Amino acid sequence: MTELNFVVEPGGALRGRLRVPGDKSISHRAIMLGALADGATTISGFLEGEDCLATLRAFRAMGVRIEGPESGQVTVHGVGLHGLHPPTEVLDMGNSGTSMRLMAGILAGQTFDTTLMGDASLMRRPMGRVTAPLAQMGAQIDSAVQGTAPLRIHGGQRLIGIDYPLPVASAQVKSCLLLAGLYAQGVTRITEPAPTRDHTERMLEAFSYPLQRDNERTVALAGGGRLLGAEIDVPADLSSAAFFLVGASIAPGSDLVLEHVGLNLTRSGVIDILRLMGADIEVLEPRLAGTEPVADLRVRYAPLRGLRIPAAFAPLAIDELPALFVAAACAEGETVFAGAEELRVKESDRIQAMADGLTALGITAQPLPDGIIIQGGDLAGGLIDSHGDHRIAMSFSVAALRAAGPIRVCDCANVNTSFPDFVSLSRSVGLAITELSK
Ligand code: S3P
């Protein structure tokens, strides 16, 4: 396979207006619930990235008719909770942890067997966190000895609702169990140790499924209901917007508006953290897109200062932390991130990948088991290994705005998993980035 690299020339500023692609988490869920609903679901703003396409293809392979995507428009002709057909092949989830973990919950409730696999990165990621509670519900799933994929899911099991305190703050695990709960007898109740993204809960409501949210941390549903097709407007992905929030904050002369960005409070830690560091971010015209809050964001350059980020912020900014580490490298003084041990089991070990990359650019970065300590300083140019991780690749791309020399980022093909137009959109607002295939 040809390797895709990015070369980013140093300096410049980010200016203008931009709508980044649709939210990845919401796009996955729209396809899943649309497929399992009675009636048609229309989706606008769907993320046409590889991760969400893996979810879409899996449902097509199980007999669901899906039109599109075309310019973000998708129509899913739902087959109802019990209308999926056995796929003739193994279901390949590519690089997508969300697809694999959420699908495991849905597939545990089917009458037929399925097998889930993925790329090398996904086949290393922990799946015991979903297979163990699913087994408690009565599912039968075989995994590799280390608790990793491939997952062989045996159909025809009778699922029973459980009361489950999540051992890790993970929206994927919570969502997996809620989806399995649709097929379970009785009530499935999940309590989280800290709030995580609640897109599944909001989307279940959009599909008219009764849900009980007892307090901030507990959610419950009873199996045996039905989902009704819905109209879903997917906001722009705050996790993709984060690269530009950081880029514009660190590059003098920047003034950028990001349009229709999802601002769900369980996701918006990146804005709070950047503001604590001194960033100038304005929230314009807050409104609702269906059941999700959105707004336009105006971000202008501002000098950042280092600080100790409270661990409680970590789950609210988990996917944006690599970009925030770049902000910390450009801030004055020391920044300490804690409570983020989950970063070690993402598409790559993001703590190590970021520490190595920042060090390669001349920044003092000390990895911790659950975070990192970064001394703000002057960034040099250099060569970065993204480890095939989309968010590492994009974080170091925007770092070039403050670097003294070009930054070359290797192994960037997976940027397509979450942000297909990253290079052209970034160029349109001033990042001097080019793609090189070799
Ligand atoms: C996601 C949940 C988070 C996040 C991932 C998307 C989701 O993962 O990092 O990118 O859509 O539910 P965890 O549940 O592993 O924290």
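## Where helix 7 meets helix 8

In this predicted model, helix 7 brings Leu238, Ala242, Leu245 and Val246 up against Val270, Ile271 and Leu274 of helix 8. Sort the residues in this contact by class and you get 7 nonpolar, no polar and no charged.

As for the elements themselves, helix 7 covers residues 238-250 and helix 8 covers residues 269-276.

## How the two helices are arranged

Two packed helices can be described by the angle between their axes plus the distance between those axes. Here the angle is about 15°, and the axes sit 10 Å apart. Angles under 35 degrees count as roughly parallel, so helix 7 and helix 8 run roughly parallel to each other. As for handedness, helix 7 passes helix 8 in a right-handed crossing.

## Aromatic pairs

Now for the rings. Searching the whole structure turns up 6 aromatic pairs. Take Phe325 and Phe337: their ring centres are 4.6 Å apart and their planes make an angle of 55°, so this pair counts as tilted.

Phe325 belongs to helix 9 (residues 321-329) and Phe337 to strand 19 (residues 334-337), so the pair ties together parts that are 12 residues apart in sequence. Phe325 and Phe337 are both buried, too.

## An aromatic cluster

There's also a group of rings to look at: Phe6, Phe243, Phe244, Phe419 and Phe422 make up one aromatic cluster.

Key
Residues are numbered from 1 along each chain as its sequence is written. This is a predicted model: local features need pLDDT of at least 70, side-chain atom pairs count only at pLDDT 80 or more; totals for chains, interfaces and linings use all residues. Side-chain values use heavy atoms; hydrogens and water are left out. Axes are lines fitted to C-alpha atoms, for helices over the stretch in contact, and angles run from 0 to 180 degrees between N-to-C directions. Helices (H or I, at least four residues) and strands (E, at least two) are DSSP runs, numbered from the N terminus. Angles under 35 degrees count as roughly parallel, over 145 as roughly antiparallel, 65 to 115 as roughly perpendicular and the rest as oblique. A crossing is left-handed if the near helix is turned anticlockwise from the far one by less than a right angle, and right-handed if clockwise. Contact means heavy atoms within 4.5 Å. Ala, Val, Leu, Ile, Met, Phe, Trp, Tyr, Cys and Pro count as nonpolar, Asp, Glu, Lys and Arg as charged, and the others, Gly among them, as polar. Rings of Phe, Tyr and Trp (its six-membered ring) pair if their centres lie within 6.5 Å; planes under 30 degrees apart count as stacked, over 60 as edge-to-face and the rest as tilted. Buried means under 20% relative accessible area, exposed over 50%, partly exposed in between (1.4 Å probe, protein chains only).
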